[in-house]
Every structure is written in structure tokens, then in C-alpha cells.
Amino acid sequence: MNNIIVAENLTKIYDQTTTAVDHLNLTIEEGEIFGLLGPNGAGKSTIILMLLGLTEPTEGKISVAGFNSTREPLKVKSVTGYLPEKVGFYEDMTAYANLFYTAELNRIPYREIPDRIDKALSLVNLSPNKRQKVKTFSKGMKQRLGIADVLIKEPKLVIFDEPTEGLDPKVANQILNTILDLNRENGITFVLSSHQLNMVQKVCARVGIMSHGKLVGEGPIDELGRDIFGGGKYRIEIELARVPDELIAKIKSLPGIISVGVDGSRLSVVCNEDLREDISRTIAKEAIIMTGMDIKQDALEEIYLRYFKEEE
Amino acid sequence: MRSVLTVFRKELKDHFSSKKFLILLALIYIAGLASTYVALSNIHDVASALDRHVFLRLYTTGGDVLPSFISFISFFIPIIGIIFGFDAINSERTSGNLSRLMSQPIYRDTVINGKFLAGVTTLSIIIASIAFIIAGVGLTSIGVPPTSEEILRIFFFVFICVFYGGFWMGLSILFSVVMEKTAASILTAIAIWIFFMFFLPIIANAIANGVAPLENATTAVQIQNYSIEQSLLRISPSTLFTETIAILLIPTGGHFMLQPVLESDIANMIANPLSLGQSLIQVWPQLVVIIALAIICFALSYVVFMRQEIRST
Amino acid sequence: MENIKRKIPVFLLMLVFVLSIVFMVPGLLLGQEEDEADAEELEEPEPEPVPETLEFDVTYPEIQAELGSTYEFEFKVIYNTGTEPFGLEEDGSEKVFDILVEYPETWFAAATPQYQTETEITAVKLKGAAEESLRVVAIPLVNLDPGEYDISVTLKSSIEDDPLEGTVEFKAIITSTYDMQLSTKTGRLSTDVTSGQDNHYKLLLKNNGSASLENIKISSTNEPEGWKIDFDTDEIEILEAGEEKEIDANIKPADKTIAGDYMIMINAKSDNAEDDIELRITVETPTIWGIVGIGIIVVVIIAVAIVFARLGRR
């Protein structure tokens, strides 16, 4: 696999005092969906700006598809689609006219433009709205039009800033599914920058977690969980009437259990599989009343919280 | 360059389909035709057949009720400039279009260049079209064709108008870069315009009268008063512009407004028109300042825009 | 003082003496005359019969006027009845007279009563010793040369064989008139011209007077700067009475004359008379510039329309 983004020792210091990105090394492979996670101000946006050549690194370098972002920003931008957090269109122009303008700016030959627009619009299911003015569009439609807009240039890489921010879950899911389809069918690499994890983690094969300009964790989500918590994709929380030590030992001895935590009458079990059945059987054998059981598939959020609790 | 043209074309389309453009165009055309009507009804009294620049009188003759075309245009050009520039950048930014544009394979200055070019082009179209329509109406009505020198003067006039409008456009683009809200940028630009247009003359007059009171003044003091007022007024680009077009379009006597001239001196002068070359030499400083101001304003907004984008999300 | 008082009686005596001599002299002279008159009367003791006469009293026997005027001569006639009236009416104080007015062929003249000049009378009844005011109205019928014309009125007794008649003579003098009329051939006082070009316009100069006009000069005034107005004849030595002459005026407005109306004055002046007319000259836009002007407007409008069509979004 080719590396589409390579950042080496990337550093950005604003006004000689504020370090936004601190000696960052990152490699993203072609065809991946990479989640760049972190709270606001962690340096995600600065990385994207440097990646697009809109700002120069203080130190180190970043390249996209073999082009140095600082020295050849236009080449980088012609293969990279960027969807800013607050994507905007010319409201008085039709969807078609907006996309046409983007196509022109990308120097796509005129005879190809209509076809590309049709293709991009059909990929995001906006074909019927082609001749409508953008001001009639809903937020979700605008977001989809934003995707169509980056697809016009047939990019190798798409950077998506906060793809689901402000969308209701149904629409957010649609967007994420579109991203997945595009990734699978067109082989487009996606970088999703977000501080909302539960949405992003559904599609990201690999994530990088940023904090204070540093990449504090990087890898596939399950690996990350294992690295930090010693693995564990699921967390099962159980509310019990009493918590005898033998029970904890018995649960710990169950196969597939990674860790068991106790917080008063509350048990927190981390495991790699859904072991609710085994655990409840064990509890029932001990004749302990179980008042509640819940399973959470949010190890990533756990990780995230653990890193950023202090900051928020 | 091609992408500048793309932005340029898109912005031009925006202008030509916007209501504000249509309103401005209608306003200028109505003002232009009204002042031409006034000029035509008064031109007999002011122009003799021996006047070598009868045709230019179409632009410079006013009446009791309505002013001349050049007065109208010196009033409207700043407004056009401001209106075409005040929301150039900040509206793109608030609408979220700017970051999307920035991610396209274009240089960052493409956007501001294209916008400025489109604004200046639109302004040129407005001014040139009304100037030529007046020429056509005038030619039909007075039947005196312009001399080649007069045609050149009219072209220079349009050229200067465009630069003057470019200055105001550059200024309001600068505010649109610096200020986040379009309301703030338009109000600031209009405040500056009002200051130059209405307050500076009052201030200049007050200072001149304070330094060299006119009561029972000798001729020397009167000249001093006039000079002080004139120099203060020249701070204002609108003064420079008015002087420039007056000298350019009133070859006979228009240059007297540049320095204090005693009536006795005028009486001794032969009212001979200046040649085009002489007129241009007379207005050269003003012309250079106007062009420089336009360039400075645009350059400033260019630089601020280029530096500013770095941090935005 | 005493001296003067003593002298007064002497003064008074001398004054009385002188005054009596002064008053006496005229008295003596008058007395002499009276004596002579008395002597004449004494020479003709039998008064001879006095014949009837007609006595005329004319205040203005000559009237001088310009051609075209009406001449009115007033006169008074007194019928003096003599001592031997012939065919006298019973009361012996009235007689009817025929009025015969003689005038040159080119004239018409008639007698009228004093206050009714419209009434033509051919006879009048006169009372003895009474005054009757009459009037003769004379009108020259055609344009006559200046000169003197005699008109006489004869009153002749209408009684047959009565020789009583009286004639009164009048003289009507026609003086020379100077009347020059400047007009245009068409009668219209306005014309259209093209700037920078020769525009010919025919003027008409007429001598309406009875005398010839000499040294006529034709000139124009009030024309705008840069205009040239020439006349084919700007000086005429002599224009006989009643004669008319066509004058060609060439109006050449300056090259850069603004279209519109201009007033110019043309003046003809002779030694004795002058006349002027005001002409309204309408300078028209040369067709070519009219077309070019409209062309420019059309081109600009089309250009703007094209820009709108190409750039404006619907």
C-alpha cells in the first residue's frame, strides 16, 4: 500500500509561542478511512491547513500523494478534496452552478464537467435537486452537496472536517454510509477530523488521537483499546445488590474477560466479545440479585475521555 | 491566471444578476440622462460656437436644479465602489464559501484578484456606457461632433473614474477583509466617504478661517486662507478627483481652481483652452495620487487577506 | 430840508405846464383827421347800389402731406347781399348756390359740410351776411408724383342768369415719402440652416415710398460669434419708388454651432429710411451626426444587453 499522507516531524508554532502541532509523525495509507480525533484546539485544523498548503510548517514536512504540501500546494489541492466544518455554497446559485464553478476552478475540461457533475450528484442522491437553488437545501442536503463538490475533482484523498456535526443521527448515518461506499467503490482515502467519536468510529479503520499538538495514540480502534486498557472492545456494566470477592474472581476467570473493575455495588467488565450471557449465568449461580446490566461498545470514547477529561 | 478568470467571470455574473447592480445602473443612467437634459437646455447660454470644446460641455454643464454629469458622477462613484467591495471577503467567509474555495487548486490571491477585477470591470461598464450614451444623445441633439482631442479627454475621464472607483472599492474590500460583519465594513466605508465628502470641507474651512480670518483681510491673507483650505481639502481623494476631471473636461479655465488666482489676473489672461498635454500635466499629481491610492488600498487588502487566512479553520 | 420845502411850488408849476403840452398834441392831431373823413362823406352824398358778393375766408389754402393722406380744406363763405338783390327771395336774405369742385384727373375731391365729412354736397343755401363753414376733402387716387395740385371750389347761384359766383382756390401739395420695406421672399421669417455650410436665403427689399431710395446698405446684426452672413448685394445705389429687389443672403453658421434656434437681425438702411427684420434661424443637426449619435446609443445599449444576457442569471 502506498502512503498517501506522510508527515514527518511536523511542527507549527504560532507567534513563536503557541505550539499548535508538535513534532508530529503520521502516515496514512491509500484507501484508508482515518479518523483524526481530538478536542477543539488539539491541532487537527492546523494539520489540515498545512496538509493543504494553506499554512507553512515551522519545521518538518508534510506531503500528499508524493507532493510536498508547502512547495506544491496546487498539486496537492488538485488531488485532495476538503470539506470544511461549515461548508457553504452560493445560495443564489443552483447546485449545478455551484459544482460547475468548482469544476472550473479545478480546470476540468469544459466538455467533461456536466458528466462529472451528474456523476457526483447521483453518488450523493441529489440528482433530482440539480437545478434547485442551494438556499432551498436542508443542512443534510448541503452536506451531501459538499461531498459532491469534493468528488467533482475526482480526488484521491478527502479530508472531512466534522462530518456529522449538527446533523441529526439519521442524516449523520447517511453521510457516513456514503463515505463508506465511496471508500469501497472508488478507493478514496478519507481523513475524518472530529471530536465526536461514536459516529466516526463506526467507519474509521484507524484513528489518531491528538492532544496538545501531539499524536497520543494511533492505530486500529481495537488495538488502541488494548494498548491503553489492555484491550477490550465492549464494556459491560452490572448493578448488583452485593459484590462478594468470589464473584469477582469467578467473573475474571471466565474466558474472554480482559478486566473487571468494582465501584461500590457496580461492576465494570471489559471484554472483547459480548459475554453478557456467561456473566449473568455466573451471577445467577452465586444467587446474587442483579438490578441492572448494560453493554457499551464505546471503548474508544473511554479512551478519548481518559485523554481529554482534564481539558474539558 | 485561468482560475482568476474563472473567479472573475463568476463574480461578474454575480454583479450582473444582483439587484444592487441593477439599482445602481438605473440610478446612474437616470442621473446621467437628467443631467444631460439640463446640459442640453443650458448649453446655448454657456457655449459659443467659437468654443473649441463644445462637446465636453455636455458633461460639465449643470442647471439651477440639477447639477452637471461630473458632479453626479463624483458623488456616485464612491457609492458604487463601496457597494461592489464591502462584502467581497467577509460574506464569503461567513457563508463558508471561502474555505471551500481555498481548498481548490488555486492560489489564495486568486479570489481577491478576481473579485477586484470583476468589480472594476463592472464599474467601467457602468461609467463607460453612460458616458457614451451621453455622447450619443448629445451628438444627436447638438449636432457638433467631438474633436479627436475631446474624445481622448472623455476616454481619460472614464479611465480616471475607474481608478477613483477602484480606490473606494479597494478601501471597502480592505474593510471586508478586516471586519467580520458586512454591516460593519459598509458602515465604516460610508463613514469615511461622508467624512471626506461633507465634514472635511467644513473642517478645512474652519481651520483656514481660524488661521487667516477673512474679515477685513488683505489680499495676501485671503490667498493664505484659500491656500490653507485647499491644501487641507486635498487630503480628500474626492477633492483630487473633482480637480482632475474639472481640469480634464473644462480645458478653458478649469485649471484656475488649482491655485488661488486673483480676479485681476484672470482679467489679464486670455481665456485660451489648455491643450490635452497641458491639462494632463496640470492634473498629473492628482492623477498619480488617485491611482496610487487605488493600488495601495488594494495592495493592503491583498496583504491582509494573504496573512489572515493562515489561522482560520 | 427847509430849502426843499421852499422849492416845491416852483416844481409843481413846471410839471403842470409840461403835462398840458403833452396831452394837447394828440388831441390836435385827432381833430385834424376827423375833419378829413367828414370831408369824404360830404363828397358822395348819394350811395351807389352795392352789388351782391360772395366772400371767402380761407385759413389754410395750402396743405402739404405725404402721399396717401387725405387733404381737407376748410373755408368759410359769406354771402353779402347787395343793395340790388337779384331774384331775391321774399325776405331778401337767402340764396341757393351750386358747388362745383374742380380737381385734377387723378384725384377725387368733394365738398362736405363742416362736421359731416362723409356727406358729399353739391349745393348750399346761404343766408345773407351769415357765415357758412364748408370743407373740401381731396384724395389722390393713384400714386402720384410729388408736386402741387390745384383744387378749386366754385359757388354759383342756382338761379338762372344770376351771374353771382365766387371761386376759392386750394393747393394740395404731395411731398415725397421714403418707405423701405425689408421682407423675405416667402414671407416667412424663419429658416433652417446647416452649420458650417452655405445656406442661401432670399430677402426682398421694396421701396414703398414715393421717392427713390439712395445708398441702401444691408447688414446683419445680433448673429452669434463665428457666423458669417453675406449678401450678394450689400449696397444698392438707387432703388426707385415702387421698385423691389431680391437679395440673396448667405447664412453660414460656425462649424461647431449647437443645434437650436438663433435670432438674427437684418437691417437695410438708406439715407432717408431704414427697416429691419428679425429672422429665426434653426440650426439643424447634420443628419450624419444624428445618425452617428443614435448609432452610438444603440451600440451601447446592445453591448450592455449582451453583457446582461451573457452574464446575468435568470
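Where in chain A is the place of A:Glu162? A:Glu162 sits in the loop between β7 and α6 (169–186) of chain A, where helices (H or I, at least four residues) and strands (E, at least two) are DSSP runs numbered from the N terminus. This is a predicted model, in which local features need pLDDT of at least 70, side-chain atom pairs count only at pLDDT 80 or more, and totals for chains, interfaces and linings use all residues. Residues are numbered from 1 along each chain as its sequence is written, chains are lettered from A and ligands numbered from 1 in the order in which they are written, and side-chain values use heavy atoms, with hydrogens and water left out.

The backbone of A:Glu162 has a phi near 45°, a positive value in a residue other than glycine. Most residues other than glycine have a negative phi. With a relative accessible area of 2%, A:Glu162 is buried, a class that means under 20% relative accessible area, whereas exposed means over 50% and partly exposed lies in between (1.4 Å probe, protein chains only). A:Glu154 also has a positive phi, near 50°, and this residue lies in the loop between α5 (139–151) and β7 (157–161) of chain A. A:Glu154 counts as partly exposed, at 43% relative accessibility.

The structure holds 1 cavity of 30 Å³ or more, a cavity being a set of points, on a 1 Å grid over the protein atoms alone, where a 1.4 Å probe fits but cannot get out, with lining residues having an atom within 4 Å of a point. The largest cavity contains about 70 Å³ of space, a volume being the space filled by probe spheres set on the points, which are joined across faces, edges and corners. Its lining has 11 nonpolar, no polar and no charged residues, where Ala, Val, Leu, Ile, Met, Phe, Trp, Tyr, Cys and Pro count as nonpolar, Asp, Glu, Lys and Arg as charged, and the others, Gly among them, as polar. Among the lining residues are A:Ile5, A:Phe34, A:Ile159 and A:Val191. At least two lining residues come from each of β2 (18–29), β3 (33–37) and α1 (44–51) of chain A, and α1(A) gives the most, with 3 residues.

Chain B has 13 helices and 0 strands. Of its 313 residues, 51% count as buried. Among contacts in chain B (heavy atoms within 4.5 Å) between residues at least 6 apart in sequence, 79% join residues at least 24 apart.

Conventions:
On a 1 Å grid over the protein atoms alone, a cavity is a set of points where a 1.4 Å probe fits but cannot get out, and a pocket is an open set with protein on both sides within 12 Å along at least five of seven lines; lining residues have an atom within 4 Å of a point.
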